[in-house]
Amino acid sequence: DNKMKFVDLFSGLGGFHVALSSLGHECVFAAEIDPVLRELYEKNFGIRPASDVRFCWKDVPPHDILCAGFPCQPFSKAGSQRGFLCPDSGDLFDYILKVVDIHKPTYLLFLNVPNILRHAAGATWTRIQESLRERGYDVDCTEISPHQVGVPQIRNRAIIVAQRGSLKGFSWPKLNADLTNL
């Protein structure tokens, strides 16, 4: 029985929830600031997400996996490009770190725009990596579009994974660039 507990921060429609629950894992907490998405998440999964992570981070229970699709607008080429200095959502990664500091989950799984890896000439990605490594995590990242893993959507995303200790034994899925089967 490898059932793990996960939290779904910035849960949106629940993509992390669908993936991890399909593997037999249990969601023990979700947070989403958008009231419409909170309602939809509750209808789909039976869990009412808390609202703004800035106010509920202390309520997050112990867990094994922390998932976070934290806001990408500050890092997106189409967004403000203000990064961590964005007054609306640039500080949200710091709240993820507060949860990590309290619970020290074994695994971290983040999703963002690919530009987060290049934003501010790479300084943003360096800060993310260093913040996690200082806390004892081995970190890796790749860019994946859903169509490369069989989902009919073309939308590149940065997927960041981290594990306390070492990612030894971890490998990224084999990607398929063929669009004919979509």
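Reader: How many Å apart are the closest N and O atoms in the salt bridge that Asp 91 forms with Arg 54?
Author: In this predicted model, local features need pLDDT of at least 70 and side-chain atom pairs count only at pLDDT 80 or more, while totals for chains, interfaces and linings use all residues. Residues are numbered from 1 along each chain as its sequence is written, and side-chain values use heavy atoms, with hydrogens and water left out. A salt bridge is a side-chain nitrogen of Lys or Arg within 4 Å of a carboxyl oxygen of Asp or Glu. For Asp 91 and Arg 54, the closest N and O atoms are separated by 3.0 Å.

Reader: How many residues apart in sequence are the parts that the pair of Asp 91 and Arg 54 ties together?
Author: Asp 91 lies in the loop between S3 and H4 and Arg 54 in helix H3 (residues 53-56), where helices (H or I, at least four residues) and strands (E, at least two) are DSSP runs numbered from the N terminus. Because the two partners belong to these separate parts, the pair ties together stretches whose separation in sequence is 37 residues.

Reader: Is Asp 52, which meets Arg 54 in a salt bridge, buried or exposed?
Author: The side chains of Arg 54 and Asp 52 meet with an N to O distance of 3.2 Å. Buried means under 20% relative accessible area, exposed over 50% and partly exposed in between (1.4 Å probe, protein chains only). Asp 91 has 25% relative accessibility and therefore counts as partly exposed. Asp 52 has 12%, so this residue counts as buried.

Reader: Which elements hold the partners of the salt bridge between Arg 118 and Glu 143?
Author: Arg 118 and Glu 143 form a salt bridge whose closest N and O atoms are 2.8 Å apart. Because the pair ties together parts that are 25 residues apart in sequence, the partners belong to separate elements: Arg 118 to the loop between S4 and H5, and Glu 143 to strand S5.

Reader: Which residues do salt bridges that share partners join into one network?
Author: The structure holds six salt bridges. Arg 118, at 42% relative accessibility, counts as partly exposed, and Glu 143 is also partly exposed, with a relative accessible area of 30%. Salt bridges that share partners form one network from Asp 52, Arg 54 and Asp 91.

Reader: Which side chain of opposite charge is nearest to Asp 8, which has no salt bridge?
Author: Asp 8 lies in strand S1 (residues 5-9), and among the residues that Asp 8 touches, not counting those up to four places away in sequence, are Phe 16, His 17 and Tyr 41, contact meaning heavy atoms within 4.5 Å. Lys and Arg count as positive and Asp and Glu as negative, while His and the chain ends are not counted. Asp 8 is buried, and at 13 Å the nearest side chain of opposite charge is that of Arg 38.

Reader: Why is the pair of Phe 70 and Phe 93 classed as it is?
Author: Rings of Phe, Tyr and Trp (its six-membered ring) pair if their centres lie within 6.5 Å, with planes under 30 degrees apart counted as stacked, over 60 as edge-to-face and the rest as tilted. A search of the whole structure finds five aromatic pairs. The ring centres of Phe 70 and Phe 93 are 5.6 Å apart and their planes stand at 45 degrees, so the pair is tilted.

Reader: Which residues form one aromatic cluster with Phe 70?
Author: Phe 70 is buried at a relative accessible area of 3%, and Phe 93 is buried at 1%. The rings of Phe 70 and Phe 110 have centres 6.0 Å apart and planes at 85 degrees, so this pair is edge-to-face. That pair links distant parts of the chain, with Phe 110 in strand S4 (residues 107-112) and Phe 70 in the loop between S3 and H4, 40 residues apart. The cluster with Phe 70 consists of Phe 93 and Phe 110.

Reader: What phi value does Lys 104 have?
Author: Lys 104 lies in the loop between H4 and S4, and at 45% relative accessibility it counts as partly exposed. Although Lys 104 is not a glycine, its phi is positive, at about 45 degrees.

Reader: What is the area of the nonpolar surface patch made by Val 149, Val 151 and Leu 175?
Author: Patches are made of residues with over 30% relative accessible area and no salt bridge, like charges being joined within 9 Å and nonpolar side chains (Val, Leu, Ile, Met, Phe, Trp, Tyr) within 5 Å. Accessible areas come from the Shrake-Rupley method with a 1.4 Å probe, and for residues only the protein chains shown count as cover. Val 149 lies in the loop between strand S5 (137-144) and strand S6 (157-164) and is partly exposed, with a relative accessible area of 44%. Together with Val 151 and Leu 175, Val 149 makes a patch of about 210 Å².
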